[in-house]
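Dear colleague,

I am handing over the structure we spoke about, and I would be grateful if you could look through it when you have time. My notes come after it.

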Amino acid sequence: MTWTNAEPDTLMERVLAPANLSRAYQRVVSNKGAPGADGMKVEQLADYTNQYWPILKARLLAGEYHPQGVRAVEIPKPNGGTRQLGIPNIVDRLIQQALLQQLTPIFDPLFSDYSYGSRPDRSAHHAIETACAHVAVCHRWCVELDLEKFFDRVNHDVLMACIERQIEINAC
């Protein structure tokens, strides 16, 4: 798959750099996953991007790209009830993965060493090991925190302003 040979300059150009996109593509394909609302399967991604990549890239660089709607799916929770998931389409997953690969090095160092959720090279097992180590040295408190519906309730204007400020600091 060929993307482009342009030298990355801006953060978005780094997101769209061939090496980053190739890694993102491999990750999306290896994750497999169900189709999004558009019904496209992972196996169709290569043909689609080969045909439409110049248009997608131009829209992304111009700030004119908008993700498609997600397919809503409910999955059962272990303690009863259900959790609503949104399954993005495959192209959006590719773009999200390419963004993640460039944004993680900017934001991950800002997080607490004791934060384990959805972080690279960290898992629930690491959190348990840390908790056990604290108990072993007689610490009296260990806190597990799950912010229910955080992104439903957070002020998105404030959050996006903070994200934008951090990206500007790291733009060079």
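Below is what was found, starting with the overall layout and ending with the surface.

Please bear in mind that this is a predicted model, in which local features need pLDDT of at least 70 and side-chain atom pairs count only at pLDDT 80 or more, while totals for chains, interfaces and linings use all residues. Residues are numbered from 1 along each chain as its sequence is written, and side-chain values use heavy atoms, with hydrogens and water left out.

The protein chain holds seven helices and two strands, where helices (H or I, at least four residues) and strands (E, at least two) are DSSP runs numbered from the N terminus. Along the sequence they come in the pattern α-α-α-β-β-α-α-α-α. The C-alpha atoms fill a box of roughly 60 × 40 × 30 Å, taken along the principal axes. Of the 172 residues, 24% count as buried, a term that stands for under 20% relative accessible area, with exposed meaning over 50% and partly exposed lying in between (1.4 Å probe, protein chains only).

The structure holds one salt bridge, which requires a side-chain nitrogen of Lys or Arg within 4 Å of a carboxyl oxygen of Asp or Glu. Here the side chains of R119 and D108 meet at 2.6 Å, N to O. R119 and D108 both lie in the loop between α4 and α5, 11 residues apart, and both are buried.

On the surface, V143, L145, L147, F150 and F151 form a nonpolar patch. V143 lies in the loop between α5 (124–136) and α6 (150–153), and V143 counts as exposed because its relative accessibility is 69%.

Key:
Patch = residues over 30% accessible without salt bridge, like charges linked within 9 Å, V, L, I, M, F, W, Y side chains within 5 Å. Areas by Shrake-Rupley, 256 points an atom, 1.4 Å probe, with all protein chains shown as cover.
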